[in-house]
Amino acid sequence: MSQLLRQHAEQLFAQELEELKKQDNDKCPANWVLSPQSVVTYLVGGKLKNGFEVSPKYIGSRRLMEIAVATLTTDRALLLYGLPGTAKSWVSEHLAAGISGDSTLIIQGTAGTSEESVRYGWNYARLIAEGPSAGALVETPVMRAMKDGKIVRLEELTRIGADVQDTLITILSEKTLPVPELNIEVQAIKGFNVIATANNRDKGVNELSSALKRRFNTVILPLPDSIDEEIDIVRRRVESFEKVMELPAEPPALQEIRRIVTIFRELRSGVTLDGKTKIKVPTGTLSTAEAISVVNSGLSMAAYFGDGQLKAADLAASIIGSVIKDPVQDKLVWQEYLETVVKTRNDWSDIYRACRDL
């Protein structure tokens, strides 16, 4: 087993990508590893003609994935937009792996992301010694993707300053990156495109200019439609975590995952699943990703400080930590939910006691 804490998608699912490539009889766009149809199968899963099972990476609307993949066959860039924890980065990574066979060309957007991080930089020691030269140029992931005809990923685009965002306009519209210091330009070859992600909780942080918006096709990734869909997502991701971390714990019972997902869905929506009781909503997002984290934390507690079997007491601290982000407002919301909803459920007495004791 690999000693890497987290393998890239193209490493972790190398066998699936190879099998898809062998069975792929559809036309591939230039410099794509797989055809658009096979990329969608890689994302949503399915059985190949030879009986090989491809695991789903995205559990949700197949049509959304078809729209995302179709966008990347054109000259339009793709913006994956939605609430935190709706698998935007996860989908972005697997799209790049399925299309380019390489998900590592990535720029993490922050308030400190500079124009040099997007366009190109300089090795200043060589720049001083040699002056502007090709050898002193430091290529960014965007420049490498343009040269190699690959997908480049821009995470949290709206966290990047507006002036830096707009350096993408020439790249996306003209498919060229001028380097005036060397009097040259890098022209993108076929296969190049950009996948950006942004979450709508950041709306207003650094709004995209209308010029930049026009160069993206936006696909909104929603929260899971049903509780069963969300439970399936959590179960699959937790199983993957257990394998990588080699935890000496039993796989979590589906009942425990269902309870966590139920708590998160009710607090997110402000009403119990049966629609009978309205409840206050906390300030946090309580996303599927956070539900996965709660179960993973509980498994670690059970493995190293329990008997290896996931119990309510192992989950309580993580649940409270996820719900209570504001120590005053969220604490009141949680206490009310605990007393009016959790306490009244007969088979939830263990989780009620564990949370109340904390």
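**View 1. Asp232, Arg235, Arg236 and Glu239 form a network of salt bridges.** A salt bridge is counted where a side-chain nitrogen of Lys or Arg lies within 4 Å of a carboxyl oxygen of Asp or Glu. The count by this rule is 24 salt bridges. The model is predicted: local features need pLDDT of at least 70 and side-chain atom pairs count only at pLDDT 80 or more, while totals for chains, interfaces and linings use all residues. Residues are numbered from 1 along each chain as its sequence is written, and side-chain values use heavy atoms, with hydrogens and water left out.

**View 2. A salt bridge joins Arg265 to Glu230.** Their closest N and O atoms are 2.6 Å apart. Arg265 belongs to helix H13 (residues 254-269) and Glu230 to helix H12 (residues 227-245), so this pair links distant parts of the chain, 35 residues apart. Helices (H or I, at least four residues) are DSSP runs, numbered from the N terminus. Arg265 is buried, at 14% relative accessible area; buried means under 20% relative accessible area, exposed over 50% and partly exposed in between (1.4 Å probe, protein chains only). Glu230 is also buried, at 0%.

**View 3. Glu230 forms a salt bridge with Arg268.** The closest N and O atoms of this pair are 2.9 Å apart. Because Glu230 lies in helix H12 and Arg268 in helix H13, the pair ties together parts that are 38 residues apart in sequence. Both Glu230 and Arg268 are buried.

**View 4. The side chains of Lys343 and Glu339 meet in a salt bridge.** The N to O distance is 3.8 Å. Lys343 is partly exposed, with 48% relative accessible area, and Glu339 is partly exposed, with 36%.

How values were computed. Helix = DSSP H or I, 4+ residues; strand = E, 2+ residues; numbered from the N terminus.
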